[in-house]
Amino acid sequence: MSRPSKYHLPEEAPADSFSAEFARLPLTELAYRSRHADAARVEAILRCGQAESLEDFAALLSPAAGAHLETLAAHSQRLTQRFFGKAVRLFAPLYLSNECVNVCTYCGFSRHNDIPRITIPIETVEEQTAKLARQGFRSLLLVAGEHPKYVSNGYVEECVRRCLPHMPGVSIELGPMEAEDYRPLVVAGAEALIVYQETYHRPTYEVLHTAGPKKYYAWRMDTPERGYQAGFRRLGIGALFGLHDWRYEALAVAAHARYLLRKCWKAQVSISLPRMRPAAGGFQPDPSFLMSDREMTQTVCALRMLLPHAGVTLSTREPANLRDGLVRLGVTLMSAGSSTEPGGYDAFDETTWAAAEDQAGEQFHIADERPPAAIAAMIRAQGYEAVWKDHDAALATAS
Ligand code: SF4
């Protein structure tokens, strides 16, 4: 992976990029407002039924808005049903490799952790994709650590090609690349690019990412734009909640999504709000940064009021009861029956979808271990459709 020298200093990011716009946003002030909004301001936004600005969104994250969670949830449900219908799209992650050159203090795959390292052979990728297809999945997310030797473009391209006959929707979550390095993946048929900033708070980012290319904050932040340039027409962004103040992160990811919807206007944008889970390395988040289930619900609903067209993704990091509740309140994409270990699906029984052995090499431990069929049944029991594959894939491909 090549990186132009202009990116070696993040402050030299292109002037028309999100990282440049983000540096001008008064995020700290907005985060302060999100903690101190008064009830009258919140009630005025709720009467209007939508958030028209980041300032409105900040107010909807406040403790004052938390007191109106039922009203917020009703608005979110109404808006979600209007723009997405009563449907939740299901997907499975497939971990290709835990080789990684980065030190990310909170991640089980961080290069300083002494764990067995593996990049699974393409034949195994294809077998496990077929196994996931037999569970009903038609959307797959290929995930890998960042390693120029093991996770090279050629390997991932071939994985995409070999997965597509089993799985018509293939997305990728890899280390950031140049647009020209993404193009072969788009040509191979990958439909979506997922990249999380982890934390948008730059001082925290620099403390947590101490080695490897990931330490380039602005380079990572501008990745979705390079992916769009390369032809991806689905872009997924997110923050890892637990690394910094959750209101700051929610404001930042909302600002990023608004920017992408404006600049990358042909793309569908989805937002993910993963919370920290136990992982190798034993990283302990600052308790004051942790987001409660109620605050997570409030954030999902507030996002919907600001960004009615954006997808919202919820992974198996979250507990079953919260996932069940959020089906009706704004979530549009869910993973199910996940393994976060490269090759981990080998251990899963095809009938029960229970793992026969510990997932010792997993990136993090999931909270919702229910099999895919149980998740689909839960969604249907709430009067929603469990969608295994979007019907608009043709619209999402490069044009
Ligand atoms: S978060 Fe990603 S880049 Fe960082 S150590 Fe884990 S796999 Fe590597």
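**Entry 1: salt bridges**

I take a salt bridge to be a side-chain nitrogen of Lys or Arg within 4 Å of a carboxyl oxygen of Asp or Glu. The model I am looking at is predicted. With that cut-off I get a count of 21 salt bridges.

I looked up which residues join into a network, and found Glu123, Glu126, Glu157, Glu158, Arg161 and Arg162 linked by salt bridges. I find both residues in helix 8 (residues 153–163), four residues apart, which is about one turn of the helix. I note arginine 162 as partly exposed, because its relative accessibility is 24%.

I next looked at arginine 275, which forms a salt bridge with aspartate 293; the closest N and O atoms are 2.8 Å apart. I see that this pair links distant parts of the chain, 18 residues apart: arginine 275 is in the loop between strand 8 (268–272) and helix 14 (293–306), and aspartate 293 is in helix 14. Is arginine 275 buried or exposed? I have arginine 275 at 12% relative accessibility, so I count it as buried. Aspartate 293 has a relative accessible area of 31%, so I list it as partly exposed.

I also checked aspartate 324 and arginine 370, a salt bridge with its closest N and O atoms 2.8 Å apart. I place aspartate 324 in helix 15 (residues 320–326) and arginine 370 in the loop between strand 10 and helix 16, so that this pair, 46 residues apart, also links distant parts of the chain. I record aspartate 324 as partly exposed, at 22% relative accessibility.

**Entry 2: a buried arginine without a salt bridge**

I went to arginine 226, in helix 12 (residues 223–230). I find arginine 226 buried and with no salt bridge. Which side chain of opposite charge is nearest to arginine 226? I get glutamate 178, at 4.4 Å. I did find a polar atom of the arginine 226 side chain 2.8 Å from the backbone oxygen of methionine 177.

**Entry 3: asparagine 102**

I looked up asparagine 102 in the loop between strand 1 (87–97) and strand 2 (103–104). I count asparagine 102 as buried, because its relative accessibility is 2%. I traced its side chain to the side chain of glutamate 146, with a polar contact of 2.8 Å. I also found a polar atom of the asparagine 102 side chain 3.0 Å from the backbone nitrogen of lysine 214.

**Entry 4: positive phi**

I checked for positive phi in residues other than glycine, and noted glutamate 198, with phi near 70°. I locate glutamate 198 in the loop between strand 5 (192–194) and helix 10 (202–208). I have glutamate 198 as buried, with a relative accessible area of 10%.

I noted tryptophan 353 as well, a residue other than glycine with a positive phi near 55°. I find tryptophan 353 in the loop between strand 10 and helix 16. I mark tryptophan 353 as buried, because its relative accessible area is 2%.

**Entry 5: negative patch**

I looked for charge on the surface and found a patch of negative charge where Glu127, Asp346, Glu357 and Asp358 gather. I followed up on aspartate 346, which is in the loop between strand 10 (333–335) and helix 16 (372–381). Aspartate 346 has 53% relative accessibility, so I count it as exposed.

**Entry 6: arginine 78**

I ended with arginine 78, in helix 6 (residues 69–84). I count arginine 78 as partly exposed, because its relative accessibility is 35%. How many residues separate arginine 78 and leucine 329 along the chain? I get 251 residues, with the C-alpha atoms separated by 8.5 Å.

Note on methods. Residues numbered from 1 in each chain as written. Predicted model: local features only at pLDDT ≥ 70, side-chain atom pairs only at ≥ 80, totals over all residues. Heavy atoms only, no water. Patch = residues over 30% accessible without salt bridge, like charges linked within 9 Å, V, L, I, M, F, W, Y side chains within 5 Å. Areas by Shrake-Rupley, 256 points an atom, 1.4 Å probe, with all protein chains shown as cover. Lys, Arg positive; Asp, Glu negative; His and termini not counted. Charge placed at Lys NZ, Arg CZ, Asp CG, Glu CD. Helix = DSSP H or I, 4+ residues; strand = E, 2+ residues; numbered from the N terminus. Buried < 20%, exposed > 50% of the residue type's maximum accessible area, 1.4 Å probe, protein only. Polar contact = N/O pair within 3.5 Å; in protein donor to acceptor, adjacent residues only side chain to side chain.
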